[in-house]
Amino acid sequence: MCYAAIFWSRIGEIVYATDQTDDARAGFDDKVLWNDVGLPPDARRLLMRHTPEAEALFDAWLTMQDKTPY
């Protein structure tokens with residue numbers, strides 16, 4: 001989600017200090033997260049559920065004339 005926000009905001013560069021190996025040494029092991037994201041939503045550790053009521057809001061955004069195109 002953070003990467004997507006950075007990508008869509010068109011920031012040209014990400015500067016970072018550590019990689020996944022360093023992060024794991026500090027107790028922030030992302031392997032579980034990356035593996036989880038690759039699973040179907042109903043098989044992930046965190047509950048994910050679709051909210052059909054939000055579709056009307058999304059449709060309204062799609063028809064907005066003054067939105068920022070991505």
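Start by selecting Arg 25 and Asp 22: their side chains meet in a salt bridge, 2.9 Å from N to O. A salt bridge here is a side-chain nitrogen of Lys or Arg within 4 Å of a carboxyl oxygen of Asp or Glu. Both residues sit in helix H2 (residues 20-25), three residues apart, which is about one turn of the helix. Helices are DSSP runs of H or I with at least four residues, numbered from the N terminus. The structure holds one salt bridge, so named by that cut-off.

Before you click on, note that this is a predicted model, where local features need pLDDT of at least 70 and side-chain atom pairs count only at pLDDT 80 or more, while totals for chains, interfaces and linings use all residues. Residues are numbered from 1 along each chain as its sequence is written, and side-chain values use heavy atoms, with hydrogens and water left out.

Still on the pair, how exposed is Arg 25? Arg 25 counts as exposed, at 69% relative accessibility, while Asp 22 counts as partly exposed at 28%. The words work like this: buried means under 20% relative accessible area, exposed means over 50%, and partly exposed is in between (1.4 Å probe, protein chains only).

**Next stop: Asp 36**

Jump to helix H3 (residues 31-37) and pick Asp 36. Asp 36 is buried yet has no salt bridge. Which side chain of opposite charge is nearest to Asp 36? That would be Arg 45, 4.3 Å away. For charge, Lys and Arg count as positive and Asp and Glu as negative, with His and the chain ends not counted.

Now show the backbone of Arg 45: its nitrogen lies 3.0 Å from a polar atom of the Asp 36 side chain. That is a polar contact, meaning a pair of N or O atoms within 3.5 Å; within protein, one must be able to donate a hydrogen and the other to accept it, and residues adjacent in sequence count only if both atoms are side-chain atoms. Leaving aside neighbours within four places in sequence, Asp 36 is in contact (heavy atoms within 4.5 Å) with Arg 44, Arg 45 and Leu 46.

Follow that list to Arg 44, in the loop between H3 and H4. Arg 44 is partly exposed, with a relative accessible area of 23%. Not counting residues up to four places away in sequence, Arg 44 touches Asp 36, Val 37 and Leu 39.

Trp 34 counts as exposed, at 53% relative accessibility. From Trp 34 to Thr 63 is 29 residues in sequence and 34 Å in space, C-alpha to C-alpha.

**Over to Lys 67**

Go to the segment after H4 and find Lys 67. Lys 67 is partly exposed, with a relative accessible area of 26%. Where does its side chain reach? A polar atom there lies 2.7 Å from the backbone oxygen of Leu 62, and one lies 3.3 Å from the backbone oxygen of Met 64. Beyond four places in sequence, Lys 67 is in contact with Trp 61 and Leu 62.

**The nonpolar patch**

Trp 61, Leu 62 and Met 64 also belong to a nonpolar surface patch, so select the rest of it: Tyr 3, Phe 7, Trp 8, Ile 14, Tyr 16, Phe 58 and Tyr 70. Together the patch has about 1,200 Å² of accessible area, computed by the Shrake-Rupley method with a 1.4 Å probe, only the protein chains shown counting as cover. Patch residues have over 30% relative accessible area and no salt bridge; like charges are joined within 9 Å, and nonpolar side chains (Val, Leu, Ile, Met, Phe, Trp, Tyr) within 5 Å. Helix H1 (2-8) and helix H4 (54-63) each supply at least two of the patch residues. Trp 8, in helix H1, is exposed at 51%.
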